[in-house]
Structure formats: structure tokens, C-alpha cells
Amino acid sequence: LPTKMAKRTISFFVVVFAVVQAAACRHWKRNSGFHHSPPLPEGAQPPKAQWFTQRLDHFDPQNEATWKQRYFVNDTFWKKGSPVFLMLGGEGPASPVWNVVGAWIEYASQYSALAIQVEHRFYGESIPTKNTTLESLQYLSSEQALADFAYFRQSMSVELETGNAPWIVFGGSYSGALSAWIRLKYPNLFFASIATSAPIQAKLNFVEYAEVVSNSLSTSSAGCVDAIKKATTAFETLLKTETGRQGLTKQFQLCAPLNDDANDIATFAESAAGNFFGVVQYNKDNRAFEGGVGGNITIDTLCGIMTNSSAGDELARYAAVNSLMLKTYEQKCLDVNYTAMIEGMRNTTLQGDVIAGRMWFYQTCTEFGYYQSSDSPNQPFGTLFPLSYQIEQCTDVFGKTFTQDFIQQSIDWTNENYGSLGLNRTTSRTLFPNGSIDPWHALGLVDVSNIIRQVDSVFIDGTAHCANMYPPQMSDLPELVRARERISEQIWLWINEASD
């Protein structure tokens, strides 16, 4: 997964979803840390990878091509007749660590469940094709992935002799959306779903992302957002002159002198804002157990720097945040070369640093959008990475047909196909946990209760992206503790209903 190049190339997603539950629970982001091999808790044994023969195209009966899909099983707690918990993979590699730790494993122990994690096609080691050309990527879509999971469930229920035991689906972030959509599309196969931090509304210009980041930063310090705004004002002023750009090159430790290229400047501005985006999204998320880097950097850390007047003016503090992130992720400099970024994303082989980034970028250009632009006036990060910058990346990487109209039409179809925020009226037995700090909650169901259809939301005050999925720790907020209890209670009710 991503190394230095990938960390700064996915400029439109400084966040990810997506699991590994780090991947299922992380949208692809620069500096995510989920590319490290996560250490196992002391004494725990990881399950070995197993392989399932999967169909390449579920919607063309004449296409008989197959490929191998990776999955992991934990049957430690399982008693025949008890439920099967299926964790859906997202836009990253599946990790066996998540088959021995995490809230869903706590639930599996509680309810004697079989815990299976399945990797998403085109991510990790579940690659169906020999390359990632557009011809190959036609088989990468959420619909094909859902059909993969459905076919897997049909086959494994026979192989494992699960009988009438209910299959309950789990997922976070993108895979959280998948877990909600699979309950909608295949209700006969999956009894219920826990869809954590699920952005079920596809949206081209996700301006709310930066707005929620701003609101979340303000929970730490009243002066934090204002300091960022003053810093970006000075930042944008200096970018207008050669002398100013020379100063910023040195101050922000750029890998090469900054010129007046609009896309390089946009990449720079987005990267500077992204230092805050990623920290807010995963604020206090307890990712350290899986080898994630930067979990000790929180909203309070960044706002402490931005409001420290002894550290220089606001721009100097903004640069200090950037230096902290470079040091944390062991990067010698910040690369903002747009052309190099695009060239990396054009790599269609299965080698290189940005393979998964290309895959997820393709999905944003053909299904979801989710572009975190600077177009809203209600955020402090300036105006230099607008929607047009994000759209241009789709065109430059995948070709001239990937216009804004094309992407918007694809997003419209996604929302029509899955129901968008009206999903609560068409699906059933689905629970939607979301955190108030998490910017992705703006595209999810956070205030819904349909008792008849058993669709409900759990809005967790003070928590970030997928917080309820991580292993419990002593410092967890009371709201997070109660949310996990609420989820467990709902699972128990569903299991009882299935047994009636």
C-alpha cells in the first residue's frame, strides 16, 4: 500500500475509509498509516488467509472467468446454529488482525458467532485482473463487490453448514455503505447490518467535509479556526509572488521550488489543509493497536500549535503543523508536483506505490464523487483546491470522457440505485452508527428512526470516524461506551428474532 508518493498523491482524499477495518474503515488518505503491517495483540494468533473462487462478472452469464478472493475466518467462539458475522472489505487490504480484535469480535464472543472477513475485489491481494487498465477496471464497482459478497455467502453457507443461522453484516466507511446496500439488495441472504460511518449519499462536491472539520476543530479551542483562517489568508497572499513562493517552499519544506502552476499550488494548498483533515477524521480513534502512525496527534495537538502565540505568527504555526506531520510520517519533504502525481496514478501495472489509490480514485470518478473541495465559504482553509481541481484529476488520469457531467451522471445513478439518504424508507434491520467529529457523518443517516422497518441511527457525540469499531479502551468517552452497548443490544434482538 501507499508509501511516500501515495501519501501525497491522493489529494482529493486526505482521509479513507475504508477495512482493513483500518481499510474497511478508511477512505483512502494521505498519511493514513494503514499501509503498515499491524502487530497482533500479545498472545493472539492471526487466522491464515483462505481463498474463494469468485466470478469475474456476476452480470454476464456468458463470462465464465474466475479469480481468487482472500478471506479470513475466526471460529473460536462459534457454535453450530449461532450467527455468522461477515465483515465486508473496503478500499484497502484486509488484515487478519481484525479477526482477533475489534468491537465485532467482542460481539462474536458474546453471541458465539462465526467471524469472517472478506477482502474487496481489486484491493489487497484480491486482484481479479492482470493490470488496472480501463478495460480491467470495468469490473471494479460497488455492484460487482456486493454480488461477490452475496455469492460468497451462498457458497460458504453450504460449505460450513450454517443452516438457518442469520448472517449479520458489518462494515465501516465505504464498507459501511456496502453493508447497508447489501441488506437492501440481498435481504434474503443477509439478516441485518451494522453500517458504521457509512456515506450512503454519493456527492460530487463534498463541501460539507471542510465545514465539519472546522466545527470539530472549534470544539478544542475558540481561537483555533480563526488562527487557521489568518494563516491561509497569508498563505494565499504569498503564493501570488515569486518571492512569496520561495519563502513558502522553505517554510513548508517542499521537495522542489514552487512555481506558479495552478495545479501545483492547488496540491500544495490541499496538502496543507489535509494535515488537519486527516487528524480530525481519525481523532482519538485507538488505531495504535494495528500499527497506525499518528494516533497520538489529535485535534487538541493541532489547535495547541495554532493558538500558541509564542510559536510565531499564524502562518508560522500552520507550517509547524506541516513539519509535525512530515516528521511523524518520516517524510523528508512535501512533494506537491501535480504532474508527477498524475503520472503515478496512470500506472496500470500491479506494481508501484499507488495501486490502491488508482482503484479508489476510479470508483470516485465512476460512482461516488466525495470530492473534498475548498468551495464552501464556511471553512478556514482558503479557496485554492476547488471542485474543478478534483475533476481535472479524473480527466487527466482516466481520459477526456471523464468530465464533470459524466461523473455527476454516475453519482446520480448511484443514489438512484441505492436510495441515498432515503435508504431508511426502503431497507430494514440496519443500524447506522456515526460520530459527531467525523466529517463523513454529513453524508450518512444520523437522525433516523423507523421502528417498523427496524432502521435506526446511533449518533455518538465527541467521536470520529468508525470509533465504535475499534477495541475498547479505558479512555473511551461514556457516549462511545453506551453506543457499543446499544449496538450489542440490537444484535441480540436480531438474533432472537431470527430464531423465532
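Reader: What makes Glu-497 and Arg-429 a salt bridge?

Author: Their closest N and O atoms are 3.2 Å apart, and the cut-off is 4 Å between a side-chain nitrogen of Lys or Arg and a carboxyl oxygen of Asp or Glu. The pair therefore qualifies as a salt bridge. Please keep in mind that this is a predicted model.

Reader: Where do the two partners, Glu-497 and Arg-429, lie?

Author: Glu-497 belongs to helix α16 (residues 478-499), while Arg-429 sits in the loop between α15 and β9, so the bridge ties together parts that are 68 residues apart in sequence.

Reader: Are Glu-125 and Arg-70 buried or exposed, and what values decide it?

Author: Glu-125 is partly exposed, with a relative accessible area of 49%; the exposed class begins over 50%. Arg-70, at 9% relative accessibility, counts as buried.

Reader: What makes Glu-161 and Lys-80 a salt bridge?

Author: Their side chains meet at 3.7 Å, N to O, and the limit is 4 Å, so the pair is a salt bridge. Glu-161 lies in the loop between α4 and β5, and Lys-80 in the loop between β2 and β3 (84-88), 81 residues apart. Glu-161 has 57% relative accessibility and counts as exposed; Lys-80, at 56%, counts as exposed too. Glu-161 follows α4 and has a positive phi, near 55°.

Reader: How do you know that the length of helix α4 agrees with its number of residues?

Author: At 1.5 Å a residue, the 18 residues of α4 (residues 142-159) should span 26 Å, and the end C-alpha atoms are 25 Å apart, which agrees. Several residues of α4 are buried, including Leu-146, Phe-149, Phe-152 and Met-156.

Reader: What makes Cys-224 and Cys-303 a disulfide?

Author: The distance from S to S is 2.2 Å, and the rule asks for sulfur atoms within 2.5 Å, so the pair is a disulfide. Cys-224 lies in helix α7 (residues 224-238) and Cys-303 in helix α10 (residues 299-306), so the link ties together parts that are 79 residues apart in sequence. Cys-224 is buried, with a relative accessible area of 0%, and Cys-303 is buried with 1%.

Reader: Why is the disulfide of Cys-224 and Cys-303 called left-handed?

Author: The torsion about the S-S bond is about -80°, so the disulfide of Cys-224 and Cys-303 is left-handed. The link of Cys-255 and Cys-333, with 95° about the S-S bond, is right-handed. In that pair the sulfur atoms are 1.9 Å apart.

Reader: Why do Cys-255 and Cys-333 count as partly exposed?

Author: Cys-255 has 37% relative accessibility and Cys-333 has 25%.

Reader: Which value of phi does Ser-173 have, and why is Ser-173 called buried?

Author: Ser-173 has a positive phi of about 70° although it is not a glycine. Most residues other than glycine have a negative phi. Ser-173 is in the loop between β5 (167-172) and α5 (174-185). Its relative accessible area is 0%, and buried means under 20%, so Ser-173 is buried.

How values were computed: Residues numbered from 1 in each chain as written. Predicted model: local features only at pLDDT ≥ 70, side-chain atom pairs only at ≥ 80, totals over all residues. Heavy atoms only, no water. Helix = DSSP H or I, 4+ residues; strand = E, 2+ residues; numbered from the N terminus. Buried < 20%, exposed > 50% of the residue type's maximum accessible area, 1.4 Å probe, protein only. Expected span 1.5 Å × (residues − 1).
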